[in-house]
Amino acid sequence: MVAPSSAPASRLRATLIGLTAVLMWSALGLFGAASGKVPPFLLNALCFGISGLAATVYVLSRPGGAALLRQPLRVWAFGTAGLFGFHFFYFTAIRNAPPVDANLINYTWPLLIVVFSALLPGERLKPHHVVGALLGLGGAALLVTGGSGLSFDPVYGFGYLAAVCSALFWSSYSVLSRRLAAVPTQVVAGFCLATSALSLICHLALEETVWPQGASEWLAVLGLAAFPVGLAFFTWDIGVKRGDIQVLGAGAYAAPLLSTLLLIAAGYGEFTLVVAIACLAITLGAFIAARDLLLRRSAERPVVKAPGRG
């Protein structure tokens, strides 16, 4: 029996961990809808503040935790720019352009991850990676538009530009994180706290304060902080640093699909032919993009030879 090498197994494990972030992000719409009328920057400040504080307390409680958080200024600037920059430009986009248009432009970030990954050392962009990501983008477009056409109006140019920036910020952050693979994932706790502080400043400058009303809305905020605006960023960090980044990029298109299905299950929508076609396109795209990983895994299964004579 020939034992498989540990490196591909470790890459697969990191990829699967990274994909759990996509599962958690799919709950963003449901928890967000349940959080009431809390304005976006305040909701951002609350969620990142809660998740960042909880993670920081956990890190500091572990042996050597404080040392892990001592990182160069460039690391803190990079992480904070990634998390806060994406959310800042996304919120700016949906305030200054039709949300459907802004969302569709924003959802080019998984495709951009796949394309930008070709610039990383040791990574090779293949045609099936692009095909898988484009299928995912097509499925996401169906979900965002409901199958209707789009007509981009130049009057919303500022909002469209902000949506492009949000997609560029998150795709660049995800890809460039590979170059900071030596930086421990625990540092994301500090990124969350910095993002919370900057979001609070934006809230005070731009929004009217509306707090969550009642236990159910506060529970929704806690749900956001625990998973889609909390743990998801830690597991994504592991995935993009050590996993198959092309698979993660294409697989990220499952987030809008699963989010739509969760909202339908909760009574916020209904299952339609458009949703079914989007489901097929996104699922097929993810499998096509993951072809190398799946075939490699199959080839590495140990072969046991039956004992024979001589």
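The structure is a predicted model, in which local features need pLDDT of at least 70 and side-chain atom pairs count only at pLDDT 80 or more, while totals for chains, interfaces and linings use all residues. Residues are numbered from 1 along each chain as its sequence is written, and side-chain values use heavy atoms, with hydrogens and water left out. Helices are DSSP runs (H or I, at least four residues) numbered from the N terminus, and buried means under 20% relative accessible area (1.4 Å probe, protein chains only).

**Salt bridges**

- Five salt bridges are found in a search of the whole structure, a salt bridge being a side-chain nitrogen of Lys or Arg within 4 Å of a carboxyl oxygen of Asp or Glu.
- Arg11 and Glu123 form a salt bridge through their side chains, at 3.5 Å from N to O; because Arg11 lies in helix H1 (residues 6-25) and Glu123 in the loop between helix H7 (109-116) and helix H8 (127-145), the pair ties together parts that are 112 residues apart in sequence.
- Arg11 also meets the side chain of Asp244 in a salt bridge (3.8 Å, N to O); with Asp244 in the loop between helix H11 (214-242) and helix H12 (245-251), this pair ties H1 to a part 233 residues apart in sequence.
- A network of salt bridges links Arg11, Glu123, Arg178 and Asp244.
- Asp237 and Lys241 form a salt bridge with their closest N and O atoms 3.1 Å apart; these two residues are four residues apart in helix H11 and so are separated by about one helical turn, and both are buried.

- Helix H6 (99-106) is largely enclosed by the rest of the structure, because six of its eight residues are buried, namely Asp101, Ala102, Asn103, Leu104, Ile105 and Asn106.
- The cover over the buried residues of H6 includes H5, H7, H8 and helix H9 (157-176).
- Thr235 lies in helix H11 and is buried, with a relative accessible area of 10%.
- Leaving aside neighbours within four places in sequence, Thr235 is in contact (heavy atoms within 4.5 Å) with Ile17, Gly18, Thr20, Ala21 and Met24.

**Pocket and cavities**

- On a 1 Å grid over the protein atoms alone, a cavity is a set of points where a 1.4 Å probe fits but cannot get out, and a pocket is an open set with protein on both sides within 12 Å along at least five of seven lines, lining residues having an atom within 4 Å of a point.
- The largest pocket holds about 1100 Å³ of space, taken as the space filled by probe spheres set on grid points joined across faces, edges and corners.
- Of the 36 residues lining the largest pocket, Leu28, Gly29, Tyr90, Asn103 and Tyr107 are the closest to its centre.
- The lining of the largest pocket divides into 26 nonpolar, ten polar and no charged residues, where Ala, Val, Leu, Ile, Met, Phe, Trp, Tyr, Cys and Pro count as nonpolar, Asp, Glu, Lys and Arg as charged, and the others, Gly among them, as polar.
- There are two cavities of 30 Å³ or more, and the largest cavity holds about 80 Å³ of space.
- The largest cavity is lined by 13 residues, of which Phe78, Val183, Phe191, Asp237 and Lys241 lie nearest its centre.

Methods
Buried < 20%, exposed > 50% of the residue type's maximum accessible area, 1.4 Å probe, protein only.
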